[in-house]
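Biologist: Could you put the model up, so that we can go through it together?
Modeller: Here it is.

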Amino acid sequence: MTLHQPIASTDVQAPVLTGAEIIVRALVDNGVEVLFGYPGGAVLPIYDALFHEPRLQHVLVRHEQGATHAAEGYARSSGKVGVVLVTSGPGATNAVTGIVDALMDSIPLVIITGQVPTGLIGSDAFQECDTVGITRSATKHNVLVRRAEDLSRVMHEAFRIAASGRPGPVLVDIPKDVQFAKAAYERPDTVAFTHAYAPRLDGDPARIREAVELIARAERPILYTGGGVINAGPGASKSLREFARLTGAPVTSTLMGLGAFPASDAQWLGMVGMHGAYEANHAMHDCDVMVCVGARFDDRVTGRLDAFSPGSKKIHIDIDPSSISKIVRADIGVVGDAGRVLAAMTAAWRAKNRRPASALSRWWAEIDGWRARKGFAYAPSSEQIKPQHALQRLAALTAGRDLYVTTEVGQHQMWAAQFLPFQEPNRWMTSGGLGTMGYGLPAAIGVQMAHPNSLVVDVAGEASIQMCIQELSTAVQYALPVKVMILNNEWMGMVRQWQQLLHGERYSHSYSSSLPDFVKLAEAYGAVGLRADHPDDLDAAIQAMLDSDRPVLFDCRVSKAENCFPMIPSGKAHNEMLLGDVGVDIGAVIDSAGRALV
Amino acid sequence: MPDALADTDPAPSAYDLSAAPEPEGRATFAAIVDNEPGVLHRVVGMFAARGYNIESLTVAETDHAARTSRITVVTRGAPHVLEQIRAQLEKIIQVRQVTDVGADAEGVERELALFKVRGQGADRVEALRVADIFRARVIDTTHESFIFELTGATAKIDKFETLMRPLGLVEVSRTGVLSIRRGPERG
């Protein structure tokens with residue numbers, strides 16, 4: 001033994017890195033490949049660290065809202081966590097809309113914001129804002145990191161919290177001096193988390209048995225599924241299909257849940273809710289057992305609450321205990337992951353000799369009666385492009401293609417949900433809970449980053465598209481061939497529709513005046529501009545859009561005063577839907593429909 | 001398009017406004033939370049954002065080693081609202097455990113209150129006598145005033161306040177409810 005004994009080999013010790021390097025290393029170690037961001041003073045050290053990291057691809061957006069929506073599109077279409085990197089102050093506040101959007105729609109995001117140095121916090125420094133204060137109610141969780149020693153743990157925990165349980169956005173606010181400070185880096189598998197957070201994944205077996213017994217005795221069951229099935233991964237969609245096949249029950253879904261159950265399946269009723277399928281809403285109203293899986297009884301789904309599915313027992317399966325009985329009292333609540341609970345229910349169903357799926361023939365006969373009403377019917381035109389027709393042609397011309405669809409918010413979004421058939425989960429990205437105009441284009445960019453060889457179409461309106469039009473520049477920079485199909489009716493169509501139906505046709509500030517020339521606009525950005533304003537030219541224009549290997553802005557001039565039907569008007573029940581029958585007085589339709597079919 | 005709809009619907013709205021009020025109850029929730037910056041804001045913000053009432057709120061670090069604090073919040077609401085408040089509390093990442101102390105037979109609730117009473121003559125004597133019955137302590141006195149310190153359940157403190165009011169009650173300061181469970185076990 002000598003006094004000069006060598007110290008232990010350094011490779012067993014945690015490496016000492018700067019805060020900025022820890023952040024970048026943590027991103028890599030959590031499987032991140034792509035992040036969306038915008039540099040600024042308070043994140044320059046992180047951008048410096050990114051400069052040396054070839055494993056991370058950074059997409060430079062044109063506005064921080066675009067970064068959050070792009071990350072949402074990336075996350076929603078890939079099942080991975082979307083990552084956003086923005087600076088302090090305006091960088092953070094611009095990101096807030098997308099963060100709330102992700103919270104409402106349960107999209108896993110990790111948002112890294114720069115902050116002024118710790119010594120300046122609270123001094124109204126340049127580009128300072130109380131980011132954690134502003135985003136506390138906008139996030140699933142947020143943290144201001146005051147010491148570099150805490151960074152690796154906070155970063156790894158952020159990914160875990162964002163992706164597990166009910167997914168959501170987690171924001172990590174990092175002062176600039178913490179990005180420069182040095183600390184030991186800990187890997188995700190060795191770090192000790194400080195929170196007791198442990199979401200429950202497996203449903204209570206007793207409740208599951210009870211639920212299955214209830215469904216087995218039902219004469220008019222319905223499966224009402226939501227975004228939770230998609231968040232639970234592709235296995236959950238498989239389990240849903242299997243359980244539906246075994247039980248023979250009809251399936252409807254929320255806007256967020258489209259694609260979990262194939263639109264081509266005979267058991268598919270179409271979307272539920274305010275602009276949902278006539279048959280779906282009537283089946284929801286008249287069912288005797290409702291099985292809600294990963295949905296949350298949103299007011300756009302339920303319509304008038306005290307008249308919502310009055311005769312049914314409700315089974316509610318959700319990973320978020322606060323969702324159960326929040327709006328509608330559940331007779332049986334099951335807390336757990338949608339996929340695991342559906343698999344357990346399938347096993348419980350199989351364990352006994354149940355009635356065959358064909359036992360529901362009377363229920364299906366009723367449903368067929370509602371289907372015969374053809375609730376999505378619209379008046380065709382040979383002079384004007386009907387927006388519904390445009391979407392039907394898009395569906396026809398993309399059939400069999402590897403297609404992902406995003407939307408903006410409004411009438412076009414509802415028509416897209418009605419007329420585009422989704423066969424697989426993760427193919428449909430839309431802003432459901434928050435209803436954020438401007439979501440679709442940046443979301444499409446995120447989707448295209450996750451699926452470089454797939455076809456990505458943003459179904460847009462002329463008003464929504466202008467809210468994040470600047471991201472066309474991003475698409476051009478990264479050669480992302482996203483297709484923006486603008487159903488241009490020169491109105492904020494959904495606002496106009498409500499003003500027509502509910503505000504005495506007083507069209508207050510809903511006309512899209514002074515529209516840009518979208519073809520020239522596309523060309524100015526370096527993208528392809530297309531236009532069609534006659535039904536005869538529609539197919540060629542859609543085909544040209546699809547055939548292009550560049551980003552395309554397609555100005556599809558549609559009929560101006562088209563309304564989105566069917567529609568559950570305010571304060572009405574599911575069986576009080578308005579239909580869009582051509583030439584028939586709306587009031588007469590609702591009465592006769594109500595009397596004849598309910 | 002007919003605007004018959006507008007005529008039949010007196011309050012056009014995108015939302016269902018038909019909800020009827022329900023009878024409310026009171027609950028005392030004790031939440032054990034990770035003691036880190038912002039956690040109180042998150043709890044209080046949740047109440048504010050979702051429109052729940054806070055009747056009283058107490059918070060302090062209670063386990064230095066585990067870095068946990070205890071937040072006791074007294075709230076009102078219909079039964080399903082109280083259930084939802086509890087679920088929303090449990091959803092907060094820093095919240096480790098929530099107990100409905102009010103509904104727990106083993107739950108103990110206490111408040112501490114300070115009362116300033118000003119008066120002379122018979123009122124002053126009566127105030128002292130009532131304080132004695134309630135086992136309140138006199139912690140300050142002048143020729144024309146007392147300050148009483150009283151500990152007890154909310155109802156006892158409310159009762160004391162009612163009795164002191166005609167005797168010259170000037171000011172009240174209350175801690176809000178503290179809570180703990182009887183027996184040797186934690187939580």
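**Going through the model**

Modeller: To begin with chain A of this predicted model, a compact globule of 598 residues would have a radius of gyration near 25 Å, and chain A has 25 Å, so the two agree.

Biologist: What box do the C-alpha atoms of chain A fill?
Modeller: Taken along the principal axes, the box is roughly 95 × 65 × 45 Å. Of the 598 residues in chain A, 57% count as buried, and the secondary structure comes to 22 helices and 20 strands.

Biologist: What share of the contacts in chain A joins residues at least 24 apart?
Modeller: If you take the contacts between residues at least 6 apart in sequence, 77% of them join residues at least 24 apart.

Biologist: Let's turn to the six-stranded sheet in chain A: in what order do the strands come?
Modeller: The order is 3-2-4-5-7-6, in an open sheet with parallel pairing. Strand 3 (57-60) and strand 6 (141-144) of chain A stand at the edges, and because each has a single partner strand, one side of each is left without a neighbour in the sheet. From one strand to the next, the twist averages 20°.

Biologist: And how many bridges are there between strand 5 and strand 7 of chain A?
Modeller: Strand 5 (residues 109-115) and strand 7 (residues 169-175) of chain A pair over seven bridges, in the parallel sense, and L109(A) stands opposite P169(A) of strand 7.

Biologist: Which strands does helix 3 of chain A lie across?
Modeller: Helix 3 (residues 64-78) lies across strand 2 (34-37), strand 3, strand 4 (82-86) and strand 5 of chain A, and runs at about 165° to strand 4.

Biologist: Changing topic, is helix 16 of chain A mostly covered or mostly uncovered?
Modeller: Helix 16 (residues 411-419) of chain A is mostly covered, with eight of its nine residues buried; among them are H412(A), W415(A) and A416(A). The elements of chain A that cover these buried residues include strand 11 (268-271), helix 15 (387-397), strand 15 (403-407), strand 17 (455-461), strand 18 (483-488) and helix 19 (493-502).

Biologist: Why does V459(A) count as buried?
Modeller: V459(A), which has its place in strand 17 of chain A, counts as buried because it has 29 C-beta neighbours inside 10 Å, where 20 or more is what the term requires. Leaving aside its neighbours within four places in sequence, V459(A) is in contact with residues including H412(A) and A416(A), both of which are among the buried residues of helix 16. V459(A) and K483(A) are 24 residues apart in sequence, and their C-alpha atoms are 8.4 Å apart in space.

Biologist: Which residues touch the most other members of the largest nonpolar core?
Modeller: Of its 207 residues, those are I23(A), V84(A), V110(A), V172(A) and M485(A). Helix 6 (residues 151-163) of chain A gives the most to this core, with eight residues. Apart from it lies another core, of 13 residues, among them A131(B), A136(B), F146(B) and L150(B).

Biologist: What is M485(A) in contact with?
Modeller: Beyond four places in sequence, the contacts of M485(A) include L394(A), V457(A), V459(A) and F554(A).

Biologist: Last one: where in chain B does pLDDT stay under 50?
Modeller: That applies over residues 1-11 of chain B, for which the model has 19 contacts beyond four places in sequence. Chain B averages a pLDDT of 90, with 89% of the residues scoring at least 70, while the model scores ipTM 0.89 and pTM 0.93.

How values were computed: Residues are numbered from 1 along each chain as its sequence is written. Chains are lettered from A and ligands numbered from 1 in the order in which they are written. This is a predicted model: local features need pLDDT of at least 70, side-chain atom pairs count only at pLDDT 80 or more; totals for chains, interfaces and linings use all residues. A residue is buried if 20 or more other C-beta atoms lie within 10 Å of its own, exposed if 12 or fewer, and partly exposed in between; C-beta atoms are placed from the backbone. Helices (H or I, at least four residues) and strands (E, at least two) are DSSP runs, numbered from the N terminus. Two residues are in contact if their C-beta atoms, placed from the backbone, lie within 7 Å. pLDDT is the predictor's confidence in each residue, from 0 to 100. A nonpolar core is a set of buried Ala, Val, Leu, Ile, Met, Phe, Trp, Tyr and Cys residues joined through C-beta atoms within 7 Å. Two strands pair if DSSP finds at least two bridges between them. Axes are lines fitted to C-alpha atoms, for helices over the stretch in contact, and angles run from 0 to 180 degrees between N-to-C directions. The radius of gyration is taken over C-alpha atoms; the globule rule is 2.2 Å times the number of residues to the power 0.38.
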